[in-house]
Each structure stands twice: as structure tokens, then as C-alpha cells.
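Please read them alongside the sequence and the structure.

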Amino acid sequence: MHLGHALKINDVHVGKIAEMVADFSGIVIDRLFLKQVARKIALQMDKYAISKPDEYISMLKQGENFTFVMEDLIAALTVSESYFFRNPAQFEYLYYEYFPWFFNEPAKNGIPLRVWSAGCSRGEEPYSVAVLLANYKNKYPWAEYIIKAGDINSLNLEAARKGIYSVRSVRDKFSGFEKILPEKFGVFNEFGNFVIDKKFAEQVIFDKLNLNQGNELKKLNWSDIIMCRNVLIYFKDELKARLLEAFFECLNPGGLLLLGETECLPSDNSKFEVINYKNTYVFKKNK
Ligand SMILES: C[S@@+](CC[C@H](N)C(=O)[O-])C[C@H]1O[C@@H](n2cnc3c(N)ncnc32)[C@H](O)[C@@H]1O
């Protein structure tokens, strides 16, 4: 890294950049980590061969065509950590409780189950759902489903479409799920990476999604399951509240909202039924 660039970036620059990042994505940059943020900005400036912070700021300001510079910065500032069957109890709930309910509910007869993974990172989350649904369909061939997944970070989406994962993504032998995965859903290649089987990869439709852009939330309309796990933690309270409202509106009756383990609904929530399943929470829209 060109340390000189980091030294040129002062708190005012970081403040301006943080504001632009928040306007674009809703992500709040933690004031406690300003030094680290300045270093990450310096790395981005190096990448685009820019030596003055003000030049970088104007580049970020130039809208549409420069979206990729902003996305690149966001990718550097956020953690895209994910793994298959993260928070396994939620997946158990889907497999043992929700899918049987949905596919046997007379009102849902012949209607495909629609799943959205919002903030899907590199795809571990929607592929975990895909393999469970494929498994379910083996036993109950009438079960139809559509799985969509989106993220603000184009590089994450590119990686998701490739479906090649380091061992970190398959930790704890798929969080113990390998016992209910009779079909091989991938193989380990000669580099020790896990490569998802094409059959499953084709089941997930990946699409760009910025949760801070109200019009993009329409993509989630008519969902039966919305997974937005470990994403809200990045956002300001006002955006979190707006998104919870939007998720409720986008869900079909009986639809399910899954959040990260440390994320919850406001204490005055009256919209979702809160279900405690093996000490994890899932939120059901009853009306
Ligand atoms: C920690 S990962 C969570 C991945 C997965 N949902 C999980 O729980 O394992 C957070 C993801 O949210 C994405 N993200 C952050 N801001 C976003 C936004 N405004 N719109 C859509 N995705 C966003 C990041 O790019 C990142 O991939």
C-alpha cells in the first residue's frame, strides 16, 4: 500500500466518503474505526491510481458510470463472510416445519414457493436452501419453487454464479447437514475448494440488489421466505425500520422472515408472529 495516500486522508475526507457510502447503500461506517477506514480508502485510491483524496471523492460523486468505484469501496468496507447452513436451526425449521406446511397447505396448492436471499454474499445461503428444496422435491415431486438472491456487491454475485468455495464456507461439514443431503451437491476439486454441482447452481437466480434503493425492493414482492441475515447490522436504524416494513409488505400471507442470529424485530413488533425454534427465531406473517 502507498502509505502516503493514507496520510493525506483526513477526518473530513473520511466523513464525506462515509456520507456518500451511507447515501448510496445505507451502510453506516463506524466512527471508531476511522483509521482503518482511511487505510481502506487509500488502497482504493491506489487501485484507481488516484493520489488526491478530493479527486477520489469527485470520482465517487459521478453517479451511474462510477457505481463500480463505489461498489468496490463498499466491498472493501464490509465483511462478506458467509457459509453453508449458517445458523443451522433456521434451516432445520425450513426443512422440517415450513416446507411441509407450505407444500401441504390447500391454499398454496400448485403455487411455487418463492424464496429471496437478500444480501446473499457469495451464494452460500441461497444454495443451502436450494439443496434442501431439491431434497424435499425428491420425496414430494409436486413441490415447485423459485429461489432468487441478490447483493449490492457485483464481485460477490460473480463468485456466487461460479459456485466455488474455500473450506471456510463448508465449515463443520455443512453445519451437520450432510446427514440429510443424500445427493452430492458438489465436489472438492484438486485445490481443496468445494465446487457446487451445476444442477443446484442453476436453481438460483442471482440479481443485483441494493436494499437502500426503494424501487429495488419491488423485486422481493410475493415472496414466501425472505432471508436478510447479517445485513441489517450495517444499516442506520431508520433504514432497518423501513426494510422491516417493506419485507412485511412483500411477503405473502404465511410468509417467513429470517434475520441473523443477533438481529431482531423491534420490541413493539405487532406484525410478525415470533416463533422460537430451538433457541433461534423466525418471524411469520400471519395476515
Ligand atoms: C455478512 S454478509 C451476509 C451473508 C449472508 N446473508 C449470511 O448471513 O451469511 C453481508 C452482505 O450484505 C451485503 N450488503 C451490504 N449492503 C447491502 C445493500 N445495501 N444491499 C444489498 N446487499 C448489501 C454485503 O455485500 C454482504 O455480501
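1. Two residues are taken to be in contact if their C-beta atoms, placed from the backbone, lie within 7 Å. The model is a predicted one. In it, helix α8 (residues 154–162) lies across β2 (145–151) and β6, and α8 runs at about 165 degrees to β6.

2. Strands β2 and β6 belong to an open sheet of seven strands, ordered β6-β2-β1-β7-β8-β10-β9, in which the pairing is mixed. β6 (204–208) and β9 (272–277) stand at the edges with a single partner strand each, so one side of each has no neighbour in the sheet. From one strand to the next, the twist averages 20 degrees.

3. Within this sheet, strand β8 (residues 251–259) and strand β10 (residues 280–285) run antiparallel and are joined by two bridges. L257 stands opposite F283 in β10.

4. Helices α2 (residues 11–25) and α3 (residues 34–47) pack at an angle of about 80 degrees, and their axes are 10 Å apart. This angle makes α2 roughly perpendicular to α3. D11, V14 and I17 of α2 make the contact with L34, V37, A38 and I41 of α3. Of the residues in this contact, six are nonpolar, none is polar and one is charged.

How values were computed: Residues are numbered from 1 along each chain as its sequence is written. This is a predicted model: local features need pLDDT of at least 70, side-chain atom pairs count only at pLDDT 80 or more; totals for chains, interfaces and linings use all residues. Two strands pair if DSSP finds at least two bridges between them. Helices (H or I, at least four residues) and strands (E, at least two) are DSSP runs, numbered from the N terminus. Axes are lines fitted to C-alpha atoms, for helices over the stretch in contact, and angles run from 0 to 180 degrees between N-to-C directions. Angles under 35 degrees count as roughly parallel, over 145 as roughly antiparallel, 65 to 115 as roughly perpendicular and the rest as oblique. Ala, Val, Leu, Ile, Met, Phe, Trp, Tyr, Cys and Pro count as nonpolar, Asp, Glu, Lys and Arg as charged, and the others, Gly among them, as polar.
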